[in-house]
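Dear colleague,

I am handing over the structure that we spoke about, and I would be glad if you could look through it. My notes on what was found come after it.

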Amino acid sequence: MTASQIKVNMLAKAAHHPTSASSGAFESSDLKSPKTKAIVTKGVEMVFQSGSQRFHALSSVDLDIYSGDVQLLMGPSGSGKTTLLSILGGILTPTKGSVQILDREITDLSRSELSRFRLHNIGFIFQEFNLFSALTAAENVELVLKLKGFKQRAARKEARELLEQVGLGQKINNKPHDLSGGQKQRVAIARALAGSPQLIMADEPTAALDSQSGHEVIALLRQLAKEGGRTVLMVTHDPRIIDVADRVAYLEDGKLKR
Amino acid sequence: MVSIARKNLFEDIPRFLVAQAGIMFAVSLVTIQTGILNGFTRSTVLLIENSTADLWMAAREMENLELTQPIPAERVTQAQQVEGVARAEALAIQSGRWISPSGDIASVRIIGYDPAGQLFRLWNVTQGSQADIRQPYSLIVDEANLKSLGFDQVGEQANIGAAPARLVGLTKGTQSIASSAFVFTSLENTKAYATAGLTSTVRCRTQAQGGVDCTTVYERLQASPNQAAPNAPAISEPQPLNANDPIAYVLVKAEAGQDVTNLQRRLNDQFPNNHTYTRAEMANITRDYWQRRTGIGFVLGLGATVGIIVGVVIVGQILYSSVSDNIKEFGTLKAMGASDWIIYRVIIEQALWMAILGYIPSIGLCLGLGTWTFATQGIMILITPISAAGIFAITVGMCVGSAIFAIQKVTHVDPAIVFKA
Ligand SMILES: Nc1ncnc2c1ncn2[C@@H]1O[C@H](COP(=O)(O)OP(=O)(O)O)[C@@H](O)[C@H]1O
Ligand SMILES: [Mg+2]
């Protein structure tokens, strides 16, 4: 797939899902116009086994996430948010239950199929940024584009554009080392958006940032996601982010709170 | 591909330098060991490979160039008459006891040839001229042996047994590392050295193939060799070889267009008491003899193996620690959906960079070292294009092989670690 094809696809999608008002912040799907579901989980259970110890991190999680939404996942520390995000991102396979992402049952996929699925459909943003420290901002983004099959020249051009979109047009040749936390997370956003995946998954993306830049980063993420018609699943502790969310799910002791 | 491998490598320069030092150590060790082995084996057959003779006729008992039974000098004229032989020349090899100007003794190998001949010529005469060895008791030695023979320069005189030995010229790169010092002189002088102060008898040996082979044997007249004082013997003018005088080889040049194998067969048929070898056979027999005899291949191979093991350990350790340091980045790559192969490629690419950047300076270093040892020690560290290519392959194998540890580490990384702070 070429860059331009991906763009066209995304624009078409965006047209089908006009940005919904961010009024209904809480889970209230009934009030919304019918939307397609990006993720559907049924009876997801995650049991960690360490030695003879069994630990139920998640129990019977049924969660639907709608296309184009910014979906928050909140809950106290240790409630299973990261575990659920990893499962919904196709990184962790649940011990039980069904997970459909973009109409694919991912619990049936092999390890390498799952890997390819993630590559083309999901962009990740991490609390600690997880940039490649030896690479410049542009190279960090280029690397992902190259993995997705972009040619060198197209990747370079695309990376530059993405970094301009996140406001780092002047910093493309800086290494992570020379960037502030907020700037690093912007690079990470550009990287997550690279190649236009339909889903963006972020685990506490503001936890390592001061509140000012945290806010800027979230606003930027929301704006770019909405422009591209992408679905965002974000784990957060930060109650102020609720304002930018379309829906919020609460986890407690591995169970969804209604 | 954005070379994450190369950039990871250069991110920590001190570690990179340690890795390169380790690789250079390993590569240099392997290069020097194989270079010495090459130089050694090449040196044992230098005289054979620099001769233009197609065939070497020798005694059937020949073990190596310097270890053979004598054959009578008349074989030269006999061989000359064989159809298809363009030239036949004698090569004599004798042992001698060298007495240096200061009285130190050493064994020498006297190589006698016809300085006017064509099939055996000294190929790298640095001082004097080959024609000068026609003068009585005159000889040429290799520069590398100058000191051990007690000489400082051309023109000085020592003794071989009871006879004088005057240095008239020097060569370079003509000495076999495995042998006593070679002294090059004419056939006449060789005979004179063999006979000085001795009496001659003709000794005949019955050959397995039937027939009798006779050569002259020179022996001391007196029962006690101590009485032959080195400086006061009756020294006579060197004489040309007689039919029965011992030589070591008849060097044969085939006529143009003559099939060498056919000629070899003809010579073997006509001289059943002798055996005729091609130049390649002569060289192989001599090379194999020295390799077997000295076990040098094993010893140097052991050294090279140690080098490779050290290299694997160092490169493996460096790659492993580099991957461990960047494990979260590799986890991130995995989480983002990079296939295992892409990740292996990054590590292998890193190993290849280490191989290339370790190999180039090492070979340069060894070439320099080889030039130096040859100039100062006369020991050749021979790096042929083939061995250089082979060592490059070994280096790449070593580095990529070492990457297995690092690949193991990455294979087991759980992409879920990416969400752990
Ligand atoms: N690999 C694992 N092995 C064992 N227990 C785990 C593992 N990962 C997470 N857990 C446990 O599962 C629970 C939920 O963890 P997590 O999803 O990280 O919570 P949160 O992100 O909400 O803080 C925690 O009690 C944690 O200790
Ligand atoms: Mg967490």
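The notes below take up the ligand, then the contact between the chains, and then the salt bridges.

This is a predicted model, in which local features need pLDDT of at least 70 and side-chain atom pairs count only at pLDDT 80 or more, whereas totals for chains, interfaces and linings use all residues. Residues are numbered from 1 along each chain as its sequence is written, chains are lettered from A and ligands numbered from 1 in the order in which they are written, and side-chain values use heavy atoms, with hydrogens and water left out.

The ligand

Around ligand 1, counting residues with a heavy atom within 4 Å of it, are Phe48(A), Phe55(A), Ala57(A) and the run Pro76(A), Ser77(A), Gly78(A), Ser79(A), Gly80(A), Lys81(A), Thr82(A) and Thr83(A). This shell consists of four nonpolar residues, six polar and one charged, where Ala, Val, Leu, Ile, Met, Phe, Trp, Tyr, Cys and Pro count as nonpolar, Asp, Glu, Lys and Arg as charged, and the others, Gly among them, as polar. A polar side-chain atom of Thr83(A) lies 2.5 Å from an oxygen atom of ligand 1, while a backbone N or O atom lies 2.7 Å from such an oxygen in the case of Gly78(A) and 3.1 Å in the case of Gly80(A). Taken alone, ligand 1 exposes 560 Å², and the protein buries 65% of that (accessible areas come from the Shrake-Rupley method with a 1.4 Å probe; for residues, only the protein chains shown count as cover).

Chain A against chain B

In contact, meaning heavy atoms within 4.5 Å, are 29 residues of chain A and 24 residues of chain B. The area buried between them, which is the accessible area (1.4 Å probe) that two parts lose on being put together, summed over both, is about 2400 Å², and carbon and sulfur atoms give 65% of it. Ile91(A), Phe132(A) and Leu147(A) supply 22% of the area that chain A buries against chain B, more than any other three residues.

Salt bridges

Two of them are between chain A and chain B, including the one in which Glu139(A) meets Lys7(B) at 2.3 Å, N to O.

With kind regards

Technical notes. Polar contact = N/O pair within 3.5 Å; in protein donor to acceptor, adjacent residues only side chain to side chain. Salt bridge = Lys/Arg side-chain N within 4 Å of Asp/Glu carboxyl O.
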